[in-house]
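Here is a short briefing on charged pairs and a surface patch. Have a look at the model first, then read on.

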Amino acid sequence: MGQVKVLNHPLIQHKLTFIRDYKTGTKAFRELVDEVAALMAFEITRELPLEEIEVETPVTIAKAYQLSGKKLGIVPILRAGLGMVDGMLNLIPAAKVGHVGLYRDPETLMPVEYYVKLPSDIHERELIVVDPMLATGGSASAAITSLKERGAVNMKLMCLIAAPEGVKQIQDDHPDVDIYLAALDEKLDEKGYIVPGLGDAGDRLFGTK
């Protein structure tokens, strides 16, 4: 069973408070999501392997460390996941970025894939799948399935806020995928919104209704 890790860093929790606030406008909301994504990326990469090298300083030769060949990929689930990418790239600029686009069929309520574009070496990369909200878990699960079908073998899921229902869905469908969250909220309401949540992340990021 994949682990569920709620990142309780004080800066993450502080900024998440303003992300939740309905009075926070589009510009500030976008900037805060960017900042929290960067802070979460710091935590999610904590266990990346290092290798020892030698580097010449202005004084002498020093033993130092660099990442040990672990290739990273960031895969936002469109469209709201786009809001988390730039903050992560500020921290890990060498990461490749793929995209998975899904929409919910209004009749079946099932996620339908409409766009996938991925790095050619996806099977060699540790992928971080990003979406601000993990509500029912349907879209995230479908995206992870799509990535596995295309050769991905090592994935983590990173979301700002999740409902218990969504976490259970991912654990049931993809027990090999760890989940990283800024907050695990109370429940879903009858419309499928996370409570207390932050509303529709895509609309708040892009100023749409």
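A residue is called buried under 20% relative accessible area, exposed over 50%, and partly exposed in between, with a 1.4 Å probe and protein chains only. The model is predicted, so to speak with care: local features need pLDDT of at least 70, side-chain atom pairs count only at pLDDT 80 or more, and totals for chains, interfaces and linings use all residues. Residues are numbered from 1 along each chain as its sequence is written, and side-chain values use heavy atoms, with hydrogens and water left out.

**Salt bridges overall**

- A search of the whole structure turns up 13 salt bridges, each defined as a side-chain nitrogen of Lys or Arg within 4 Å of a carboxyl oxygen of Asp or Glu.
- Side chains of opposite charge can pair when their charged atoms come close.

**Arginine 20 and aspartate 185**

- Arginine 20 and aspartate 185 form a salt bridge, with 2.7 Å between the closest N and O atoms.
- This pair links distant parts of the chain, 165 residues apart: arginine 20 is in helix H1 (residues 10–20), while aspartate 185 is in the loop between E11 and strand E12 (187–188).
- Helices (H or I, at least four residues) and strands (E, at least two) are DSSP runs, numbered from the N terminus.
- Arginine 20 is partly exposed at 24% relative accessible area, whereas aspartate 185 is buried at 9%.

**Glutamate 124 and lysine 71**

- The closest N and O atoms of glutamate 124 and lysine 71 are 3.1 Å apart, in a salt bridge.
- Glutamate 124 lies in the loop between strand E7 (111–117) and strand E8 (125–130), and lysine 71 in strand E4 (residues 71–78), so the pair ties together parts that are 53 residues apart in sequence.
- Both count as partly exposed: glutamate 124 at 44% relative accessibility and lysine 71 at 35%.

**Arginine 150 and glutamate 113**

- A salt bridge joins the side chains of arginine 150 and glutamate 113 (3.1 Å, N to O).
- Arginine 150 lies in the loop between helix H4 (138–149) and strand E10 (155–162) and glutamate 113 in strand E7, so this pair ties together parts 37 residues apart in sequence.
- Arginine 150 is partly exposed at 39% relative accessibility, and glutamate 113 is partly exposed at 37%.
- Salt bridges with shared partners also join Lys71, Asp121, Glu124 and Arg125 into one network.

**Leucine 184**

- Leucine 184 lies in strand E11 (residues 178–184) and is partly exposed, with a relative accessible area of 42%.
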